Structure formats: structure tokens, C-alpha cells
Amino acid sequence: MDSSTTALLLCSLLWTVCAQAPVVSVEPRSAGVRQGESVSFRCRVVSGSQPVHLEWKRTNNHPLADNMKIGPDGSVLTIANTRNGNQGQYRCVATNSAGRSTMMASLTIKHSPKVRVTPAGPLRVRLGEPVALECHATGRPRPSVTWQRHGTQLVTTKTEDTSTLKVAAVSSEDAGVYVCQAQNTEGVAEVKVEVIVEGGQGADNAPKATVSMAEVTAVEGHMVTMQCQATGSPLPVVSWSKLRAPLPWKHTVEGGVLTLTSVGRQDSGQYICNATNSHGYSQAYTQLEVDSPPYTTSLPDQVRLRPGDTLRLQCLAHGSHPITFRWTRVGRAGMPTGAETIKDGQLLIGQVKLNDSGTYKCVATNHVGSSEALAKVTVKA
């Protein structure tokens with residue numbers, strides 16, 4: 001065997017001995033996002049002989065979805081505008097001449113609860129018979145499930161995603177509306193079921209409406225929900241109205257819950273829950289007050305004066321009261337000598353001087369927030 005062949009075999013042997021299979025890490029190892037949000041996983045080579053080829057795959061060997069992109073070097077997997085089908089495990093596969101390694105990443109898509117009750121109401125039960133109501137709830141994170149009646153939480157038996165309400169022998173007092181409620185960090189859902197007890201008193205009765213809160217205060221632009229529960233037999237029909245005005249344009253009513261998606265100050269007022277059945281009607285009321293931060297303007301916003309003239313600037317603000325005003329001079333430590341600020345937002349300088357020129361700022365503040373307005377003052381001889 002000649003020396004060149006020996007050298008070639010020796011180099012090959014040394015490469016085989018020295019080469020190392022890749023070792024990788026993934027950040028984050030798990031992530032939970034709301035549907036529609038974006039998330040990225042990064043695969044980093046910790047050690048191993050170069051070159052290392054990186055590749056992202058789904059653990060179920062399904063192809064990557066059309067809303068997934070991989071960075072130029074294969075290390076970053078980005079999932080944009082996530083949807084429920086994106087939930088699952090992903091693996092980063094690293095390969096080089098010495099072998100391969102895999103690291104897993106897990107994605108959870110959060111969503112609000114969904115509730116199903118069996119049997120569905122209205123449920124007719126003979127006096128003294130047993131009854132069992134099962135509430136099945138889904139959602140991510142896993143929701144907590146409760147049964148309620150007249151706003152009071154009831155004792156139930158629970159499994160992983162089911163809460164069962166049992167009554168061994170119903171009486172006439174057990175007739176009415178029962179509410180299964182599921183709640184997680186993403187929202188609340190509820191289903192009502194009416195239990196009608198036959199053969200005893202209380203099987204038929206007029207409706208009674210109740211609201212969860214008699215007064216609600218909200219900030220402009222936020223979402224507001226008002227819950228109404230109604231008892232009676234037959235099960236009352238629940239609707240919402242507003243005193244002396246139509247309901248806001250952006251509203252939904254589902255399961256007795258009125259939702260206003262983005263409230264404004266004009267949405268303040270009294271909201272009425274109406275419960276009606278064949279025996280009559282009942283109403284309950286919620287008063288909504290919408291607070292808003294100040295919207296500030298200066299009158300005038302530009303003014304030209306001569307030395308010795310009087311400067312008057314009026315700061316005006318619309319929003320929830322009380323509103324406080326504060327005048328400052330932009331770029332200067334303090335206000336000019338003789339400057340006077342009045343409680344209603346007016347700035348007064350009796351005799352202006354040349355060096356009183358500049359930009360003045362009014363900041364209006366209430367318990368919700370603040371805003372500012374600028375006024376340019378020019379003093380020329």
C-alpha cells in the first residue's frame with residue numbers, strides 16, 4: 001500500500017473518530033397563544049461537527065401548514081395568525097455527517113370555553129324522581145366548571161371536563177332554572193336548563209328576572225358584559241333593551257348575556273332585562289356609566305402679541321369629571337414671571353415680554369387618563 005493511500009485512510013479514520021453528532025436546544029420548549037396571534041420557535045446548535053443541517057417537522061409527519069415559515073438557515077419556525085389546527089408538537093431535526101438529533105417544541109392554542117348540557121332542557125321530572133344534569137366544557141386552558149341556581153354555587157361531582165348535578169328526589173322547590181358556567185382566562189360561557197317538577201306546587205310560575213350587577217362602570221373603548229338570569233315556568237324568553245334609546249349598534253345577546261364590544265360615552269344609561277312567559281313578565285335593571293379620558297384643545301392654538309399685551313389661553317377638555325389642568329412651557333424649566341393659571345384651565349400673563357415667546361402646553365387629567373394641547377405664542381415688537 002503506497003503512502004498516499006495510507007494517508008487518505010488515516011484522515012478518514014481521524015474524521016470518523018473526531019466527528020460529533022449534533023446537539024440542539026429549542027426556545028421556547030412550549031408556548032401558549034390566543035388564536036390569531038403569532039409565535040416563533042428557535043432551534044440552536046449547542047455542539048456538533050459542522051456543517052449541521054436544521055429542519056422543522058410536525059411530530060405526526062403531517063406537512064407544515066401554509067401559515068408557517070422557516071428562516072433562511074432553518075433554525076427559526078414562525079407560525080403567523082395561529083389557528084386551532086396549529087396546536088401540537090413540532091420537532092427540530094439536526095443532521096451532520098456523524099448523525100442526527102431531535103428536540104421537541106409544544107404549541108397550545110388558547111380559546112374561550114364551550115359548554116354543553118345533557119339532557120338539554122326543559123327537563124320534566126315527576127315529584128320524588130331523581131335527576132342528574134351533566135355539564136361538559138371544553139376550552140384552553142382547561143376551564144373551571146360550576147353549577148349555579150339563583151346566583152348560588154351548587155355542590156356537584158366532577159371529572160376531568162364534566163360537572164354533574166344530582167338530586168336524589170326532586171321536590172317542588174327544585175323547579176327552576178339551573179346554570180352551568182365554564183370559565184378560563186379567555187372568557188366565560190354558560191348554558192341554562194329549566195327543570196319542571198310535575199305533580200307538585202311550583203311547576204308553573206311567573207318569570208322573575210335578576211341581573212348580576214345593578215351598576216356597571218366602564219372605560220371608553222372597553223368591552224362590557226351584563227348578565228341576566230330568569231326563572232319561571234315555562235322557561236322565560238329573555239331580551240335586553242335600553243331606556244329611551246335603542247341598544248348600541250355593536251352589541252350581541254346570547255344566553256341572557258348582553259355584550260357591548262366597544263363602549264362610548266353615549267352608551268351610558270339604564271339597560272333593561274326583560275323576561276317573559278305565558279304567566280307574565282319581569283324586568284331587572286343595570287345602570288351603565290362610561291368614563292372617558294380627556295380630549296384637550298387650546299383656544300387659541302396660535303397667537304401673536306406685542307410686548308405689553310395680555311396673553312389669555314384657554315384649555316378646554318371633554319371627558320369624565322373632575323378634570324384638572326396644568327400649564328407648562330415647553331423646553332423651559334418654569335413659567336414666565338407673572339404667569340397665572342386659573343382653575344378652569346385658563347393661562348393669563350398680564351404684560352408679555354419678548355422672551356415670553358415659545359410653545360405652551362396644557363395637560364388635562366382625570367381618573368381615566370390624560371391628554372395635552374399645545375399653543376404657540378409669538379411676541380414681536
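**Note on the pockets and salt bridges**

1. Strand β16 gives the largest share of the lining of the largest pocket, namely four residues, where strands are DSSP runs of E with at least two residues, numbered from the N terminus. This is a predicted model, in which local features need pLDDT of at least 70 and side-chain atom pairs count only at pLDDT 80 or more, while totals for chains, interfaces and linings use all residues. Residues are numbered from 1 along each chain as its sequence is written, and side-chain values use heavy atoms, with hydrogens and water left out.

2. The largest pocket holds about 530 Å³ of space and is lined by 13 residues, of which V188, A189, T225, V257 and T259 lie nearest its centre. Two or more lining residues come from each of β16, β19 (224-233), β21 (251-254) and β22 (257-260). A pocket here is an open set of points on a 1 Å grid over the protein atoms alone where a 1.4 Å probe fits, with protein on both sides within 12 Å along at least five of seven lines, and lining residues have an atom within 4 Å of a point. Grid points are joined across faces, edges and corners, and the volume is the space filled by probe spheres set on the points.

3. The second largest pocket has a volume of about 240 Å³, and its lining consists of 16 residues, with H150, G151, T210, Q229 and A230 nearest the centre. The elements that give two or more residues to this lining are β15, β17 (205-211) and β19, and β19 provides the largest share, five residues.

4. Four salt bridges are counted, each a side-chain nitrogen of Lys or Arg within 4 Å of a carboxyl oxygen of Asp or Glu. One of them joins R34 and E186 at 2.5 Å, N to O; because R34 lies in strand β2 (residues 30-34) and E186 in the loop between β15 (176-184) and β16 (187-198), the pair ties together parts that are 152 residues apart in sequence. R34, E37 and E186 are linked in a network of salt bridges.

5. D66 and R83 also meet in a salt bridge, at 2.6 Å from N to O. D66 is exposed at 70% relative accessible area, whereas R83 is partly exposed at 35%; exposed means over 50%, buried under 20% and partly exposed in between, with a 1.4 Å probe and protein chains only.
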